[in-house]
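Trainee: Hi! Could you walk me through this one while I have it open?
Mentor: Happy to, let's bring it up.

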Amino acid sequence: MGCGMGKSSLQEKKCSRVSIYSVPAIRAALLIQRWYRQYVARLEMRRRCTWNIFQSIEYAGEQDQIKLYSFFGFLMDHFTPASSERNLISHIFRENEICRDTEWERYFCYKDIEVPDSYTGPHLTFPMTFCGVSKLVEAFKQKQQLHARYVLQILGETWRLLRILPNINHVSVCQTKEITICGDLHGQLEDLLLIFYKNGLPSSEKPYIFNGDFVDRGKSSLEILLILFGFLLVYPNDLHLNRGNHEDHIVNLRYGFTKEILGKYRVHGKKILKLLQKIFSWLPLATVINDKVLVVHGGISNSTDLNVVSRVDRHRYVSVLRPPKVVHQTLNGNRKEDGDGPVEGRRRVRSLTNHSSALPQRNSLPRRSLQNSSISHQLTSSVEDELKRRRRLAGFDQTYKNGNESDSDSDPDFAEAPEANGHDWKQIVNLLWSDPMPQNGCISNEVRGGGCYWGPDVTEEVLGRHNLQLLIRSHECKQDGYEFCHNRRVLTIFSASNYYEVGSNRGAYIRMGADLVPHFIQYQASRTCRDLTLRQSVGWTERSALRALREQLFVHKSDLIRAYQEFDPHHTGKISMRHWASATESVLKLGLPWRVLRSQLVSRTHYGMVDYQQWIKELSITEPKLEVSDTSILETMYKNHSNLETIFRIIDTDHSGLISLEEFRQTWKLLSSHLKMEISDKVITDLAHSIDFNKDGSIDINEFMEAFRLVDLSAHS
């Protein structure tokens with residue numbers, strides 16, 4: 001018994017010792033846990049704030065693009081056919097509605113293009129084989145460029161194949177064969193190659209769906225298209241391509257694809273672009289898996305009807321930014337023709353957000369709203385006076401005419417048939433441009449400027465009506481590469497990793513079997529990002545987002561100062577933090593938490609007051625040194641950098657990359673009309689001569705845009 005009592009007492013002493021020592025250890029562990037949770041929460045808050053900056057700037061750019069295109073449409077519909085402004089832009093509204101296929105066959109013939117002996121890239125044979133496409137993939141890995149003859153040959157074969165495909169592809173999966181679904185790639189070839197490395201190349205045993213937005217923003221859009229088209233030609237039943245909102249030649253003018261093609265193929269670039277326009281219009285609009293899963297690029301609306309979508313003449317919508325018009329020959333047999341291409345027709349503009357056709361009024365509406373107002377005007381007795389007035393007002397105080405009225409400014413050479421079914425057009429716009437929202441209902445998507453926002457009730461109704469169980473869409477960048485919403489009935493998949501900046505987001509793709517349950521594979525295409533810690537990754541993307549935001553603040557500095565002065569009646573040069581945040585949002589309209597961002601943007605305050613004059617000077621942005629008589633034109637240039645480049649690309653009809661001084665002047669006149677501001681000929685001439693470095697009377701578009709690129713000095717410090 002003595003031994004037993006001794007053992008019990010030893011255990012009690014041991015337990016008491018452990019309990020004494022464990023109390024501070026537990027407290028320390030709890031403190032560490034609490035600190036770590038707060039640390040991760042702060043990082044997550046910074047990450048979300050950074051995300052909001054990138055996304056707000058991106059969507060504001062998309063809305064500006066649509067506003068500019070709507071303005072061009074107004075010029076087309078309301079200016080006389082002989083007006084210089086109308087002539088500058090008329091070619092972008094001519095589409096290939098009445099051209100015979102034989103004309104296109106002749107126009108895009110590649111047989112007279114010789115491949116020189118000095119060419120070191122891949123040589124292709126047709127019809128395409130798996131080995132041929134594999135060779136193409138390896139060549140693009142090695143940064144080789146495919147000869148224009150082969151590019152045109154692939155595009156021609158792709159066009160012929162797409163023409164026989166339905167609007168909605170129906171595919172089946174079974175226990176032994178999964179299907180892979182990829183989202184936006186946006187010209188990032190590294191992501192596509194990584195997907196193929198991890199998942200395998202497309203084949204009859206490994207089918208793929210690529211859900212649109214193959215092009216723009218990245219530097220390898222054409223390479224992605226050629227790879228996907230190559231596999232489509234080899235496996236037409238196992239590789240499926242859906243059209244995205246960036247498969248649109250008007251959108252390509254702003255976001256880089258047009259520039260990429262013309263830079264890589266200076267001789268045959270225009271032919272390649274024209275054929276791609278036609279191919280984009282023939283891309284299918286959706287894919288349905290096992291009659292239960294709908295895959296579409298953007299989304300749906302409360303009026304989405306897949307039966308209607310399946311019957312739409314999709315190839316008529318070369319650009320979905322406006323509906324097509326049927327154009328007939330006149331009695332005398334005259335037709336308008338594009339200078340280098342087949343015969344094309346003209347279309348009338350409409351609002352992309354499904355409102356009545358009126359032009360946005362920039363001064364009276366917030367930047368994010370594309371609601372339009374109507375102000376009636378009677379025609380003046382003099383056509384010349386009316387034309388001058390319209391040029392002066394640039395359409396911002398004039399609505400579109402009623403569709404039933406005759407337009408005195410319409411082309412005399414054309415007799416236009418009644419407008420194509422607007423319902424069909426809206427179906428396509430909503431499929432390509434829409435986004436989901438958490439609230440019930442369906443409203444116009446005024447953040448992007450196109451399509452709609454639809455809620456969970458619309459999802460339930462549309463999926464139920466078509467006996468579907470899941471909607472897979474892309475169109476939105478997600479931090480983890482994918483995201484569920486609407487009670488897991490809607491799934492967003494995005495495959496372009498590091499979309500905004502290195503470390504900003506993962507890419508992902510879906511593997512789906514016969515059970516129709518999505519399995520996600522995430523990745524980062526950048527080796528640099530994979531080596532970063534969470535803190536380093538957040539810091540990297542945060543600095544990039546703040547650089548972009550500082551540039552936005554800088555280009556609006558005059559508007560910001562005026563807004564700040566409204567809260568500074570005594571001209572002290574200082575305002576409260578609350579007023580600073582309110583005024584900044586009223587100018588930029590980005591919907592950002594400015595008071596949260598204050599510590600990142602404003603280096604110092606005095607008793608809670610912001611010295612806004614000094615703060616503007618400390619934005620650390622440098623400008624080009626040019627001798628210009630009116631410095632306000634520089635700020636206009638910075639603020640509308642993308643719009644100006646878009647107009648340049650439109651005016652450069654021969655795609656030479658050069659425009660004359662007169663075209664340069666006309667470009668600025670178009671922009672000043674769009675912005676409803678006056679810019680004198682002298683100021684424009686001074687600006688033109690200051691950048692005509694070799695004094696040859698022409699301006700290189702790329703050099704001009706690069707000369708006016710703002711530089712954030714804080715990024716180099």
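**Cores, sheet and a few side chains**

Mentor: Let's start inside: the largest nonpolar core has 60 residues, and Leu146, Phe210 and Leu276 have the most contacts within it. Keep in mind that this is a predicted model.

Trainee: Okay, and what does Phe210 touch, leaving out residues up to four places away in sequence?
Mentor: Phe210 touches Cys182, Leu185, Leu192, Phe196, Leu228, Leu239, His240, Leu241 and Asn242. There is also a second, separate core of 37 residues, which includes Trp51, Ile53, Ile561 and Ala581.

Trainee: Switching to sheets. What is the strand order in the open sheet of 6 strands?
Mentor: The order is E2-E6-E7-E14-E16-E15, and the pairing is mixed.

Trainee: Which strands stand at the edges?
Mentor: Those are strand E2 (168-171) and strand E15 (482-485). Each has a single partner strand, so one side of each is left without a neighbour in the sheet. From one strand to the next, the twist averages 20 degrees.

Trainee: Let's zoom in on E6. Are its faces covered or open?
Mentor: Both faces of E6, residues 286-289, are covered. Ala286 and Val288 lie on one side, Thr287 and Ile289 on the other, and all are buried.

Trainee: And how does E6 pair with E2, parallel or antiparallel?
Mentor: E2 and E6 run parallel, with 4 bridges between them.

Trainee: What about E6 and E7, how many bridges join them?
Mentor: There are 3 bridges between E6 and E7 (residues 293-295), and these two strands are antiparallel. Ile289 has Val293 in E7 as its bridge partner. The two strands form a hairpin with 3 residues between them, and Asn290 in the turn has a positive phi of about 50 degrees.

Trainee: Nice. Further along the sheet, in what sense do E14 and E16 pair?
Mentor: Strand E14 (residues 470-473) pairs with strand E16 (residues 490-493) in the parallel sense, over 3 bridges. There, Leu471 stands opposite Val490 in E16.

Trainee: New topic: cysteines. How many disulfides does the count come to?
Mentor: The count comes to 0 disulfides.

Trainee: Is Cys452 buried or exposed?
Mentor: Cys452 is buried, at a relative accessible area of 4%. Cys477 is buried as well, with a relative accessible area of 4%.

Trainee: I also flagged Glu58. Where is it found?
Mentor: Glu58 is found in helix H1, which covers residues 2-78.

Trainee: Why does Glu58 count as buried?
Mentor: Because Glu58 has a relative accessibility of 13%, and the cut-off for buried is under 20%.

Trainee: So what polar contact does the side chain of Glu58 make?
Mentor: The Glu58 side chain makes a polar contact with the side chain of Tyr499, at 3.0 Å. Not counting residues up to four places away in sequence, Glu58 touches Arg217, Tyr255, Tyr499 and Tyr500.

Trainee: Last one, helix H22. How many of its residues are buried?
Mentor: In H22 (residues 641-651), 10 of the 11 residues are buried, which leaves the helix mostly covered. Among them are His641, Glu645, Phe648 and Arg649.

Trainee: Great, thanks for the tour!

Terms used. Residues numbered from 1 in each chain as written. Predicted model: local features only at pLDDT ≥ 70, side-chain atom pairs only at ≥ 80, totals over all residues. Heavy atoms only, no water. Core = buried A, V, L, I, M, F, W, Y, C linked by side-chain atoms within 4.5 Å. Buried < 20%, exposed > 50% of the residue type's maximum accessible area, 1.4 Å probe, protein only. Contact = heavy atoms within 4.5 Å. Disulfide = S-S within 2.5 Å. Pairing = 2+ DSSP bridges. Axes fitted to C-alpha atoms, helices over the stretch in contact; angles between N-to-C directions. Polar contact = N/O pair within 3.5 Å; in protein donor to acceptor, adjacent residues only side chain to side chain.
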